[in-house]
Amino acid sequence: MTPAGEIIAAEIRKKGPIGFSRFMQIALYDPEFGYYRRARRDPFGKEGDFFTASQLQPVFGRLAAAAIRDLRESMGNPPGFQVVELGAGRGEMEASLAEFQYSGVDIDQGSYPEQCTGVYFANEFFDALPVDVAGRRVDMKDGRFVWTGQGEWREDPAGMRTQLERIGASLQHGYLLAIDYGFTERERIRFPRGTLMSYRRHQAIDDVLLNPGEQDITAHVPFTEMIEEAGKLGLKLRKFETLAGFLLRTGERDEFREALACGSETEGARLRLQLKTLLFGMGETFRCVLLERAHK
Ligand SMILES: C[S@@+](CC[C@H](N)C(=O)[O-])C[C@H]1O[C@@H](n2cnc3c(N)ncnc32)[C@H](O)[C@@H]1O
């Protein structure tokens, strides 16, 4: 049993079966043994378990910065404009967003500003937040974690709701720009067995209850629910598009010149490959949601 597994097992022994969001919270975020918290371990990158758009620097960062400049302009360049990145991870976006008053928030770093005028930016943040599964809990049997309960599989994005509430409370004027993979209500039918998935060394693993703390756990973002929840908090949907659509809209006006600017031929080849990966590798899988708070 993994150390995070021991913590979960002790909790189940004491209280009985637990909700999956609690399992996921410990497996990913236990301060000592959680997947994202363990010292000496780096889940990101080639040697890790996955890679993300934020790691395709500088191209992704430059395009995100250009998009945020446009958003700032649409707000009338207000004084005190800031960019808050949620789930900043290893801080890959920081250099690209340095022209703004930037702060990165992660589980053990930074915090939501009490009041924010500007942009909340979140890449692959919402898919890492704990979800419950309606009617089901996690129990133990013969030393392994097992699901209890039955019925139609429906994930309940408990963590997403909490974070949206925080954003809603903090954002006075501006936007939430979130990039993630997920599905709309019409697309839900594609996932009769839900969307929970684990990753380890770039391999997808179906059993999310295995080896807590040693493999990533993600859930697709339910975009329709996200947009509805945000609406209740006064954030209005401005754009919902593929990542490719978002990047093309942002880069097209100068034909990606700024995004691909570089000093040498080899550097140029590297940047073009980054753009291709973003547009063709990730562009149709990931989607971009832009929500606006007009004025509080
Ligand atoms: C899949 S990673 C993505 C990291 C980075 N944005 C990227 O694109 O490479 C999700 C990140 O969200 C962070 N995270 C999860 N829950 C959080 C919370 N409640 N507050 C802040 N960060 C959180 C995790 O620690 C992790 O670094």
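Tutor: What follows is a set of labels, each tested against its cut-off. Keep in mind that this is a predicted model.

Student: What makes Glu 99 and Arg 69 a salt bridge?

Tutor: Their closest N and O atoms are 2.7 Å apart. The cut-off is 4 Å between a side-chain nitrogen of Lys or Arg and a carboxyl oxygen of Asp or Glu. The pair therefore qualifies as a salt bridge.

Student: Which parts of the chain does the pair link?

Tutor: Distant ones, 30 residues apart. Glu 99 sits in the loop between strand 1 (82–86) and strand 2 (101–105), while Arg 69 belongs to helix 3 (residues 59–74).

Student: Are Arg 188 and Glu 185 buried or partly exposed?

Tutor: One of each. Arg 188 is buried, because 16% is under the 20% limit. Glu 185 is partly exposed at 33%.

Student: How many salt bridges does a search of the whole structure find?

Tutor: It finds 19.

Student: How many disulfides are there?

Tutor: The count is zero. A disulfide is a covalent bond between the sulfur atoms of two cysteines. Take Cys 116 as a test case: its sulfur is 17 Å from the closest cysteine sulfur, in Cys 288. The limit is 2.5 Å, so that distance is too far for a bond.

Student: Are Cys 116 and Cys 262 buried or partly exposed?

Tutor: Cys 116 is buried, with a relative accessible area of 0%. Cys 262 is partly exposed at 38%.

Student: Why is Thr 195 called buried?

Tutor: Its relative accessibility is 5%. Buried means under 20%, so the label holds. Thr 195 lies in the loop between strand 8 (171–183) and strand 9 (197–200).

Student: What does the side chain of Thr 195 reach?

Tutor: The backbone nitrogen of His 220, at 2.9 Å. A polar contact needs N or O atoms within 3.5 Å, so the distance passes. Beyond four places in sequence, Thr 195 touches Glu 155, Phe 183, Thr 218, Ala 219 and His 220.

Student: Why are helix 3 and helix 6 called roughly perpendicular?

Tutor: Their axes cross at roughly 70 degrees. Roughly perpendicular runs from 65 to 115 degrees, so the term applies. The axes come within 9 Å, and helix 6 spans residues 243–251.

Student: Which residues meet there?

Tutor: Helix 3 brings Phe 60, Leu 63, Ala 66 and Ala 67. Helix 6 brings Leu 243, Phe 246, Leu 247, Thr 250 and Gly 251.

Student: What makes Gly 110 exposed?

Tutor: Its relative accessible area is 59%. Exposed means over 50%, so Gly 110 gets that label. Gly 110 lies in the loop between strand 2 and strand 3 (116–123). Leaving out residues up to four places away, Gly 110 touches Gly 104 and Val 105.

Student: And why is Leu 291 called buried?

Tutor: Its relative accessible area is 0%. That is under 20%, so Leu 291 is buried. Leu 291 is in strand 14 (residues 286–293). Beyond four places in sequence, its contacts include Gly 174, Tyr 175, Leu 176 and Ala 230.

Definitions and conventions:
Residues numbered from 1 in each chain as written. Predicted model: local features only at pLDDT ≥ 70, side-chain atom pairs only at ≥ 80, totals over all residues. Heavy atoms only, no water. Helix = DSSP H or I, 4+ residues; strand = E, 2+ residues; numbered from the N terminus. Buried < 20%, exposed > 50% of the residue type's maximum accessible area, 1.4 Å probe, protein only. Polar contact = N/O pair within 3.5 Å; in protein donor to acceptor, adjacent residues only side chain to side chain. Contact = heavy atoms within 4.5 Å. Axes fitted to C-alpha atoms, helices over the stretch in contact; angles between N-to-C directions. Parallel < 35°, antiparallel > 145°, perpendicular 65-115°, else oblique.
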